[in-house]
Amino acid sequence: MTHWQGGRYRDLFQYASFRWFWFGFTFSAVGDAMTRIALIWYVYQSTGSAQAVGWLLLCYTGPVVLSGLFAGSLLDHFDRRMVMLIDNTFRGAVVASIPLLSIIGHLALWHIYLVAIVYGCLMMITLAGGPALIPSLVPQDRLATANALETLSYTVSGVVGPPLAGLLIARFGAPSVLVIDALSYATFALALTRVRATVEPITQEQGGVKTYRLKDAVSLLLKNNVLLSTTLMFMTFNVGEGFLSVWLPVFSDRVLQGGPELYGVLLGALAVGEMLGSVVAGSVVLPLSLGTLICLAQVLSGVSLGLVLLGPNLWSAATGLILLGIFSAPLTIWAQTLRMQIIPEQLCGRTFALLRTLMQSAGPLASAGAGALLSMLGIPAMIGLSALLIGVPGLLGYGVKQLRQPEERLSKAEEETL
């Protein structure tokens, strides 16, 4: 039976530590979205080169492949709250250097690339630190709602950050926008000083506690069918979305003949759908296991993207992208809730860093080869391929017996795989 429980969000904010964490995290996510747009625009305006923008995006995403696993080790060895606090303080100072250098007239292009590299090297500390810290801030029966709010932070940043950055860039210039991001890092760091975990992380120095290493996270991933299947499903999903990020601007310009304005509208439609999906996933209790819901939502995501092929026109494209956002946003929420029930607390940092590094790297790598595929296959075939890569893994995942099991049986899976 389906239950609407909108009060779950209100109840969750009664936990002061989670409330401080979420507001700081959300402001920081909006600031990061604004900085990304500002730096892309600055590089393109300074060079007039799409290749220069491509190098910037590589600086943003490339370092995480190597640094992500190191971030997981830090999160498991030390107080996660303190690691995130130091990270935000340092990154805030690095971001603040851009408007400062601009004011004194010494801003060079290499400064922009360096800031992007620093961001790429350290982004996994917060990206993996969030889900590693959340289970110690809220009761277990509130995890799904807490994960929904974390996902909502990213979707809010996608809706609010880019248009706000565009307005500020036009009025004050791109470097000035980074002042807001620097303030958001400072705000998040301050918020983390008010966070108090209800269960302190167990460190390796405590007697009688097993010492976990990266190989244990890898072993857990490979042996646990729930972790392995959802990771592979989401990596394939991200390949499809990586393709989408390449063909969507071309589709907007050449097929719909709307140019960059329409491209922004379609991205906004996807972000609005993601926001709606996040809100609903945290408020509605459905009479299916989380694993079954993940499979169903991923299939519906693929079907939704296929709607873009109908017409093609603005309405079918916008409808398909809104539905894609609605069905895809809960995937992370539900999967993260499952993972929190499986992964030992002492291994959360390494495991979440490993999983998110694998999944985060799939999209950019796919985007790198999507241009060549687009020229060979054409836009309709690329849309269809994206839809298949997004939707088919849901059908395959439903064949994994453990993924269809009720959540209360997952603790046994943990015991068997450690």
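Reader: Which residues is Val95 in contact with, leaving aside its neighbours within four places in sequence?

Author: In this predicted model, Val95 is in contact with Thr35, Val115, Leu178, Asp181, Ala182 and Tyr185. Each of these pairs counts as a contact because heavy atoms come within 4.5 Å of each other.

Reader: Why is Val95 called buried?

Author: The word applies under 20% relative accessible area. Val95 has 5%, so it is buried. You will find Val95 in helix α5, which covers residues 80-103.

Reader: What makes Arg91 and Asp87 a salt bridge?

Author: The cut-off is 4 Å between a side-chain nitrogen of Lys or Arg and a carboxyl oxygen of Asp or Glu. Here the closest N and O atoms are 2.9 Å apart, and Arg91 and Asp87 form a salt bridge. Both partners are buried. They also sit four residues apart in helix α5, which means about one helical turn separates them.

Reader: How many salt bridges does a search of the whole structure find?

Author: Five. Another of them pairs Arg80 with Asp76, where the closest N and O atoms are 2.8 Å apart. Arg80 and Asp76 are both buried.

Reader: How do you know that Arg356 and Glu150 meet in a salt bridge?

Author: Their N to O distance is 3.7 Å, and the limit is 4 Å, so the pair qualifies as a salt bridge. Arg356 belongs to helix α14 (residues 348-377) and Glu150 to helix α7 (residues 143-172), so the pair ties together parts that are 206 residues apart in sequence. Arg356 has a relative accessible area of 11% and is therefore buried; Glu150, at 2%, is buried as well. Elsewhere, salt bridges that share partners join Asp76, Arg80 and Arg350 into one network.

Reader: Why is Ser176 called partly exposed?

Author: Buried means under 20% and exposed means over 50%, with partly exposed in between. At 35%, Ser176 falls in between, so it is partly exposed. Ser176 is in helix α8, residues 174-192. Its side chain reaches the backbone oxygen of Phe172 at 3.2 Å. Ile98 is 78 residues from Ser176 along the chain, and the two C-alpha atoms are separated by 8.1 Å.

Reader: What does Phe27 form with Val179 and Leu183?

Author: A nonpolar patch on the surface, with about 240 Å² of accessible area together.

Reader: Which residues touch the most other members of the largest nonpolar core?

Author: They are Phe18, Phe21, Trp247, Phe251 and Leu305, in a core of 116 residues. Helix α6 (residues 109-133) gives the largest share of this core, 13 residues. In soluble globular proteins, nonpolar side chains tend to be buried together. Leu305 has contacts that include Leu244, Trp247, Leu321 and Ile383, leaving aside its neighbours within four places in sequence.

Reader: And for the chain, what does the secondary structure come to?

Author: It comes to 16 helices and two strands. Of the 418 residues, 52% count as buried.

Notes:
Residues numbered from 1 in each chain as written. Predicted model: local features only at pLDDT ≥ 70, side-chain atom pairs only at ≥ 80, totals over all residues. Heavy atoms only, no water. Patch = residues over 30% accessible without salt bridge, like charges linked within 9 Å, V, L, I, M, F, W, Y side chains within 5 Å. Areas by Shrake-Rupley, 256 points an atom, 1.4 Å probe, with all protein chains shown as cover. Buried < 20%, exposed > 50% of the residue type's maximum accessible area, 1.4 Å probe, protein only. Polar contact = N/O pair within 3.5 Å; in protein donor to acceptor, adjacent residues only side chain to side chain. Core = buried A, V, L, I, M, F, W, Y, C linked by side-chain atoms within 4.5 Å.
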